[in-house]
Amino acid sequence: MEAAAASPVRFKSNYAVSRRIEPFYKGGRVQLSRDGKFMFCPCGTKLNIIDVETGALRSLQQDEEEDITSFVLSPDDEMLVTGSRALLLRQWSWREERCVRSWRAVHTAPVASMAFDSTSTLLATGGCDSTIKVWDMIKQYCTHNLRGSSGVVHLVEFHPDPSCLQLFSSSIDYKIRIWDLASSKCVAMLGGHFSAVTSLAFADGNTLLSSGRDKVCLVWDLQSRESKGTVPVYESVEAAVLLPKEGDFSQLGVKKQGLHFVTAGSKGVLKVWEAATAACVYSQAVPFEPQEEASEHSLTQCLLLPGRKELVTVSVEHNIVLYDAQTLQLKKQLAGYNDEVLDVKFLGPGDSHIVVATNSPQLKVFELATSHCQILYGHTETVLALDVFRKGLMFVSCAKDRSLRLWRLRRDGSVACVAQGLGHAHSLGAVCCSRLKESFVVTSSQDCTIKIWDIPESLTSRAKAAVVCSPETLRARVTQRGHSKDVNSLAVSPNDRLLATGSQDRLAKLWAAADGSLLGVFAGHRRGIWCVQFSPVDQVLATSSADGSLKLWSLRDFSCLKTFEGHDASVLKVIFVSRGTQLLSGGSDGLLKLWTIKTNECVKTLDGHEDKIWGLHSNQQDDMVVTASSDSCIILWKDVTEMEQQEEQAKQEEQILKEQELSNLLQEKSFLRALGLALALARPHTVLTVLKAILKEPDGKKQLEENIAQLRRDQKEAVLSFLVTWNTNSRNCHEAQAVLETLLRHEAPDSLLQYSGIKSAVESLLPYTERHFQRLSRLLQASTFIDFLWQNMKLAEVSQQEEMTL
């Protein structure tokens with residue numbers, strides 16, 4: 001409290017999106033550039049380009065709102081071609097993010113597969129209409145229309161030797177067709193697979209390796225066009241990649257010369273095979289149990305990058321993993337799609353990571369600097385909630401599998417499970433950590449009970465943290481039936497003495513953390529409570545509810561101190577920010593609201609999500625917030641209050657200096673510079689003041705013409721837009737008409753027609769100008785009549801004087 005009094009609390013006024021972690025891959029073929037720096041991933045109507053090192057993302061967006069069905073990058077990395085459901089092919093200059101040309105695919109159904117030849121001059125497209133087209137990309141015309149396939153042509157590959165004009169394809173009849181492009185005929189059909197052929201790999205000009213979902217890989221002799229070897233893989237194979245002859249692959253069991261290849265399939269494990277003996281010489285070690293068909297860990301694609309000596313795999317869960325090709329050691333993981341994000345927390349001593357629960361049994365830990373994603377296996381059902389200890393090195397997760405798991409972030413950035421606990425009868429929906437030190441964890445379940453689990457000191461000691469061992473078993477110290485319905489939220493007080501729960505039964509309760517005894521009940525919400533949070537500085541509790549309101553409660557007498565209303569939907573999360581002086585809340589409408597407690601005022605509403613905000617957490621510095629939503633998006637928000645205040649102050653200072661400079665220029669009668677400065681300030685009234693000062697000069701009209709003539713075209717356009725407004729007022733119409741006259745005299749009609757907004761300006765000027773001229777005409781008539789009367793009066797007066805003299 002003394003520290004808080006020593007330095008004044010700065011209220012926050014705004015957050016800005018610092019970074020978005022969005023889905024960038026939703027299935028389909030993934031490709032990498034030859035140097036391995038860029039990855040190309042289809043995602044609905046967009047093709048995303050990811051910088052593999054930094055995770056930075058760019059997108060190629062089509063004009064039509066149709067999904068991309070296939071794409072291919074040329075071997076020289078220069079041409080990128082996409083095919084969409086609109087039956088259009090587009091060629092992109094992907095580095096400049098622009099479409100070079102687009103043309104009709106001629107197919108009567110979407111394109112399912114594409115391939116370039118080794119020279120990057122020919123493109124083959126296999127369609128869902130059973131036809132294959134070959135395109136000359138230099139001369140831009142279709143050279144071949146190959147008919148005869150059965151059903152969807154899902155695989156096309158050119159022979160690697162450009163002098164051998166052959167194209168290989170496969171469709172749903174499980175045969176590999178060889179097309180002679182010289183005669184446009186199918187010259188052979190290789191029949192050996194009994195299920196879909198998934199990949200083709202050329203060892204040399206005469207040897208072909210094919211993989212299939214019939215759990216075998218076949219080695220073909222292209223001269224005799226017969227199979228010369230069958231390798232039973234015992235799993236549905238999605239990709240087979242040949243290991244290059246150059247390089248040391250001894251760590252992968254490669255001891256002899258000869259054909260070796262890597263398979264990726266339904267068990268989610270990479271295996272290395274020797275073609276000559278059909279033996280598996282190496283099987284990858286993984287943190288999960290290899291399963292049978294339809295595994296959630298299945299691999300859908302495997303790529304080799306010879307230049308970088310890397311192997312890339314793509315899983316059915318849209319995770320992209322990069323391995324060292326010579327050792328199969330993991331180098332980097334990227335999460336392409338997160339599904340519904342249920343919770344998110346900052347992690348690490350300097351908030352360098354975030355840990356995410358994504359409607360999956362696996363947890364994902366993102367390193368913010370590189371976008372590297374660790375996938376944590378352990379839970380067997382969906383993880384529902386997370387919490388992190390104060391130091392940021394340990395965190396806890398709870399899941400539908402009725403278990404909680406304790407994890408530790410090690411110095412090398414890797415995460416390991418160090419403990420687990422079982423005891424609840426139903427799935428765990430909320431979890432909270434002790435605040436002062438890593439001493440206990442609290443969980444709640446659909447069985448309406450609360451359990452307090454003590455953490456052994458051995459787990460928190462530095463020596464133990466460095467040792468990799470099997471997880472310890474945690475045992476519950478306290479079990480307490482807390483509510484009559486599901487407990488949605490838990491919170492531990494900053495001093496670790498109190499525990500708060502919020503339930504679907506519309507009540508929040510306060511408990512003693514030592515023995516789990518009930519201390520009090522907070523009643524007042526009209527619907528279920530979604531979140532409870534202790535203030536970091538005051539003896540108050542914040543709650544958020546499905547009734548759309550937030551409430552602050554006194555811990556002394558359990559009375560409601562304040563109610564905040566503004567959300568139009570359920571308020572799912574609430575946290576304290578600005579040292580407990582403000583609240584930040586997230587609702588099921590996807591909106592974030594910032595509240596100042598003292599004034600009950602909603603300072604800012606932030607719209608970044610399109611669905612329910614399930615996760616909300618602030619970093620240790622209190623200058624960044626992370627949110628997670630059902631829209632599969634994670635957003636990092638940066639506090640920009642100080643930046644905006646500095647910008648506003650700098651703007652005001654600059655404005656004062658410019659106004660002073662303008663005043664000096666007018667005093668010095670340096671009208672051209674004054675006019676330019678007034679236009680730079682974009683202030684019509686100041687420009688009008690300068691024009692009036694010019695016209696007051698003895699030769700004002702001449703000076704006006706000279707100054708207007710020296711303005712740039714954009715400045716003249718600005719003056720024209722200003723004078724439209726001046727012309728509506730009779731007090732300023734003279735200056736407006738003087739400027740208009742100058743423009744009409746000194747600018748050619750063709751030049752004026754090029755001005756932006758000239759049409760609307762003329763339409764606005766005409767009616768008011770006619771009205772001004774009508775007023776001038778009436779004024780002229782009236783003045784002529786007065787002059788006539790005056791002349792007559794003078795004549796009568798003269799005649800009277802003459803009579804008197806006579």
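**An exposed isoleucine**

I began with I786, which counts as exposed because its relative accessibility is 54%, and the cut-off for that word is over 50%. I noted that the model is a predicted one. Looking up where I786 sits, I found that the residue lies in helix 11. I then asked which residues make a nonpolar surface patch of about 420 Å². I found that I786 makes this patch together with F785, F788 and L789.

**The largest nonpolar core**

Next I turned to the largest nonpolar core, which holds 31 residues, and looked up the members that touch the most other members: they are L675, V687, L691, L720, L723, W726 and V739. I also traced the helices behind this core, and at least two residues each come from helix 4 (641–667), helix 5 (671–680), helix 6 (684–695), helix 7 (700–709), helix 8 (713–726), helix 9 (733–746) and helix 11 (758–805). Which helix gives the largest share of the core? I found that helix 8 does, with six residues.

I then followed L691 on its own, leaving out residues up to four places away in sequence, and recorded that L691 touches L675, L704, W726 and V739.

**Aromatic pairs**

For the aromatic rings I recorded a count of nine pairs. I checked the cover of both residues, and F40 and W94 are both buried.

The second pair I looked up is that of F522 and F558, with ring centres 5.4 Å apart and planes at 70°, so this pair is edge-to-face as well. This pair links distant parts of the chain, 36 residues apart, with F522 in strand 46 (residues 518–523) and F558 in the loop between strand 49 (549–554) and strand 50 (560–565). Is F522 buried or exposed? I found F522 buried, because its relative accessible area is 0%, whereas F558 is partly exposed, with a relative accessible area of 24%.

My last entry returns to F40 and W94, which ring pairs link with F38 into a cluster.

Key: Residues are numbered from 1 along each chain as its sequence is written. This is a predicted model: local features need pLDDT of at least 70, side-chain atom pairs count only at pLDDT 80 or more; totals for chains, interfaces and linings use all residues. Side-chain values use heavy atoms; hydrogens and water are left out. A nonpolar core is a set of buried Ala, Val, Leu, Ile, Met, Phe, Trp, Tyr and Cys residues joined through side-chain atoms within 4.5 Å. Buried means under 20% relative accessible area, exposed over 50%, partly exposed in between (1.4 Å probe, protein chains only). Helices (H or I, at least four residues) and strands (E, at least two) are DSSP runs, numbered from the N terminus. Contact means heavy atoms within 4.5 Å. Patches are made of residues with over 30% relative accessible area and no salt bridge: like charges are joined within 9 Å, nonpolar side chains (Val, Leu, Ile, Met, Phe, Trp, Tyr) within 5 Å. Accessible areas come from the Shrake-Rupley method with a 1.4 Å probe; for residues, only the protein chains shown count as cover. A salt bridge is a side-chain nitrogen of Lys or Arg within 4 Å of a carboxyl oxygen of Asp or Glu. Rings of Phe, Tyr and Trp (its six-membered ring) pair if their centres lie within 6.5 Å; planes under 30 degrees apart count as stacked, over 60 as edge-to-face and the rest as tilted.
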